[in-house]
Amino acid sequence: MVSVKRMSLEAGLYTLVETREDFLNVISHLQKFDLLGVDFEGEWNLHRYGLHLCLIQISDGEKTFIIDPLTVGDLGPFLDLLEDPAIEIISHGPQSDFVLMDYLFGRHPTNVFDTEKAGQLLGLSLIHISEPTRPLYIS
């Protein structure tokens, strides 16, 4: 069974990470960057009781990784990455992600830029994940 698969998306390629070895290699790769895009997908009592982390999406700007947190084992190295003050985490409306991190792990990211809040502060009328990525011209 191949553990790391390259799959196409509209925006490019991502790497699916499903084994401990691949997970640790990805974390080692990501530690070299000072800016990362991060998003979680979780279960919020919709299909089964409790809060559950179901998927981690993380990008270094060139490579995107989809991590299966149910198969890679202890997420400590990933959580350490999020708490490293030298690494800025870019996320869109990460409040629910933070609730999940706190509830499941008692951990808190330290250097976060929220694109949703930034859009609100700039007075953008539509605050959506695609909106802040459009060019913004301020005169």
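**Exercise 1. Work out whether asparagine 111 is buried, partly exposed or exposed in this predicted model.**

Solution. Start with the number: asparagine 111 has a relative accessible area of 27%. Buried would need a value under 20%, and exposed one over 50%. Asparagine 111 is therefore partly exposed.

Asparagine 111 sits in the loop between helix H3 (95-105) and strand E7 (112-114).

Now look for its partners. Setting aside neighbours within four places in sequence, asparagine 111 is in contact with Pro85, Ile87, Glu88 and Ile89.

**Exercise 2. Find where threonine 115 lies, and decide whether it is buried or exposed.**

Solution. Threonine 115 belongs to helix H4 (residues 115-121). Its relative accessible area is 14%, and the limit for buried is under 20%. So threonine 115 counts as buried.

For a spatial check, pick glycine 93. Threonine 115 and glycine 93 are 22 residues apart along the chain, and their C-alpha atoms are separated by 7.0 Å.

**Exercise 3. Describe the surroundings of leucine 75.**

Solution. First, the location: leucine 75 is in the loop between strand E5 (64-67) and H2. Second, the burial: with 6% relative accessibility, leucine 75 counts as buried. Third, the contacts: leaving out residues up to four places away in sequence, leucine 75 touches Phe23, Leu53, Ile56, Pro69 and Phe105. Last, a distance: arginine 20 is 55 residues from leucine 75 in sequence, and their C-alpha atoms are 9.7 Å apart in space.

**Exercise 4. Say how helices H1 and H2 are arranged, and what their contact is made of.**

Solution. Here's the idea to start from: two packed helices are described by the angle between their axes and the distance between the axes.

Step one is to get both values. The axes of H1 (residues 20-30) and H2 (residues 76-83) come within 10 Å and cross at roughly 15 degrees.

Step two is to read the angle. Anything under 35 degrees counts as roughly parallel, so H1 and H2 are roughly parallel to each other. Their crossing is left-handed.

Step three is to list who touches whom. H1 brings Arg20, Phe23, Leu24, Ile27 and Leu30, while H2 brings Pro77, Phe78 and Leu81. Sorted by type, the residues of this contact come to 7 nonpolar, no polar and 1 charged.

**Exercise 5. Count the aromatic pairs and classify what you find.**

Solution. The count comes to 1 aromatic pair. Its partners are phenylalanine 40 and phenylalanine 78, 5.9 Å centre to centre, with 55 degrees between the planes. Planes under 30 degrees apart would be stacked and over 60 edge-to-face, so this pair is tilted.

Then ask what the pair links. Phenylalanine 40 lies in strand E3 (residues 35-44) and phenylalanine 78 in helix H2, so the pair ties together parts that are 38 residues apart in sequence. Both phenylalanine 40 and phenylalanine 78 are buried.

**Exercise 6. Sum up the chain as a whole.**

Solution. Begin with the elements: the chain has 4 helices and 7 strands. From the N terminus on, they run β-β-α-β-β-β-α-β-α-β-α. Of the 139 residues in the chain, 35% are buried. Finally, take the contacts with a separation of 6 or more: 49% of them join residues 24 or more positions apart.

Note on methods. Residues numbered from 1 in each chain as written. Predicted model: local features only at pLDDT ≥ 70, side-chain atom pairs only at ≥ 80, totals over all residues. Heavy atoms only, no water. Axes fitted to C-alpha atoms, helices over the stretch in contact; angles between N-to-C directions. Helix = DSSP H or I, 4+ residues; strand = E, 2+ residues; numbered from the N terminus. Parallel < 35°, antiparallel > 145°, perpendicular 65-115°, else oblique. Left-handed = near helix turned anticlockwise from the far one by under 90°. Contact = heavy atoms within 4.5 Å. Nonpolar A, V, L, I, M, F, W, Y, C, P; charged D, E, K, R; others polar. Phe/Tyr/Trp six-rings, centres within 6.5 Å; stacked < 30°, edge-to-face > 60°. Buried < 20%, exposed > 50% of the residue type's maximum accessible area, 1.4 Å probe, protein only.
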